[in-house]
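Visitor: Please pick one part of this model and take me through it closely. Then show me what surrounds it and how the rest of the chain is put together.

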Amino acid sequence: MTKALYEIGETPPLGEVPERMYASVIRQSRFGEPKQAFRTEVVDTPAVGRGQVLVYVMAAGINYNNVWSSLGKPVDVIGMRQRQGEPEDFHIGGSEASGVVWAVGEGVRHVKVGDHVLLTSGQWDETAKDIRLGTDPLVSESIKAWGYETNYGSFAQFCRVDEYQCHPKPARLTWEESAAFLLTGPTAYRQLFGWQGNTVRPGDPVLIWGGAGGLGSMAIQLVRLAGGVPIAMVSSEDRSEYCRRLGAAGTVNRRDFDHWGRLPDVGDAEASARFLRGARGVGKKIWEILGERRSPRIVLEHSGQDTLPTSMYL
């Protein structure tokens, strides 16, 4: 007899979909830091429609869009979807996952119940005009970030995805490893190899901001595989050690410098001097790592206004 709800850690019989599930849920009434916004609740298990797949989640990846969802900034994703006519007054985040296919909707042909899969984070309208004309779905006007702009992400016992998001899980990877790279990995790859004339070549020094984070940890490994010289920006010694284990040639601790922020106003001599002193200090540290006076050929820059001026200076 089908149970209405299975406890966390209690696995239903394969293919048996309970009416309800546990999920880590955000509601508008508690927008704020993630530890405030997320609460474990029991909600209805989402039904699958045409072309959709229900996945029993084995592991979920964590990304910064979970923070944005929690804060309700820069976009209130719950309010946005309600204005578009969607009924749910909650948000289940999570844009990366690995798991087991538990149910499939009409028209699904490439996965079946019981398949072990990992999930990509982009969702789009396959009937959209630009896609039907051959546009890369990742630049389609219909593209949305699953688990951020859409609901029923991976922070739950079950998540709902489109069939094309499912890819076979590599047998040599754990569930956790499989859940941790299909958003950050492709993003870092496109930054480092997706722009003709600005791709990593053997011997290229590459400065990587947030080296111990999702994008940074992927970038270190990709640069190393391409024969480049990854240099990671970090904020602590343990993160420095982690980056070195991944293959970083060296690290720069951003806490050793105090010049971060937008460029100083014209005429502000004191702030200008502080900026130049700090930016040159970062450059000198990079020279020490490389053993020669050489600037990064490429900077993996994703952290924003506080770091962009230094990246440009280098």
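Guide: Start with the contacts (heavy atoms within 4.5 Å). Among those in the chain with a separation of 6 or more, 66% join residues 24 or more positions apart. This is a predicted model, in which local features need pLDDT of at least 70 and side-chain atom pairs pLDDT 80 or more, while totals for chains, interfaces and linings use all residues. Residues are numbered from 1 along each chain as its sequence is written, and side-chain values use heavy atoms, leaving out hydrogens and water.

The chain has 314 residues, and 47% of them are buried (under 20% relative accessible area; exposed is over 50%, partly exposed lies in between, with a 1.4 Å probe and protein chains only). Its C-alpha atoms fill a box of roughly 70 × 45 × 40 Å along the principal axes. The secondary structure comes to ten helices and 14 strands (DSSP runs numbered from the N terminus: helices are H or I with at least four residues, strands are E with at least two).

Now the close look. Take helix H6, residues 184-193. Thr184, Gly185, Ala188 and Leu192 are its buried residues. They lie on the same side of H6, because they cover an arc of only 95° around the axis (the arc of the directions from the helix axis to the C-beta atoms). What do these buried residues pack against? Two of the partners are strands E5 (96-104) and E11 (205-208). Helix H7 (214-225) and strand E14 (298-300) are partners too.

Follow H7 onward. It pairs with helix H8, residues 237-246. The two axes come within 9 Å and cross at roughly 35° (axes are lines fitted to C-alpha atoms, for helices over the stretch in contact, and angles run from 0 to 180 degrees between N-to-C directions). By type, four of the contact residues are nonpolar, two are polar and none is charged (Ala, Val, Leu, Ile, Met, Phe, Trp, Tyr, Cys and Pro count as nonpolar, Asp, Glu, Lys and Arg as charged, and the others, Gly among them, as polar).

Go back to H6 and look at the loop that links it to E11. Asp204 lies in this loop. It is buried, at 4% relative accessibility. Two salt bridges involve Asp204, one of them with Arg201 at 3.6 Å, N to O (a side-chain nitrogen of Lys or Arg within 4 Å of a carboxyl oxygen of Asp or Glu). Arg201 is partly exposed, at 43%. The other bridge joins Asp204 to Arg297, with the closest N and O atoms 2.9 Å apart. Arg297 sits in the loop between helix H9 (269-290) and E14, so this pair ties together parts 93 residues apart in sequence. At 32% relative accessibility, Arg297 is partly exposed.

The structure holds 13 salt bridges. Another bridge pairs Glu10 with Lys3 at 2.8 Å, N to O. Both ends are partly exposed: Glu10 at 28% and Lys3 at 34%.

Cys166 lies in strand E10, residues 166-168. It is buried, at 10% relative accessibility. Beyond residues up to four places away in sequence, Cys166 touches Val53, Val111, Val117, Leu118, Leu119 and Val161. Leu119 is 47 residues away along the chain, yet its C-alpha atom is 5.0 Å from that of Cys166.

Next comes the backbone. Lys73 and Pro74 are joined by a cis peptide bond, with omega about 5°. Pro74 is placed in the loop between helix H2 (65-71) and helix H3 (77-83). Tyr152 has a phi near 60°, a positive value in a residue other than glycine. Its place is the loop between strand E8 (144-145) and strand E9 (158-162). Tyr152 is buried, at 7% relative accessibility.
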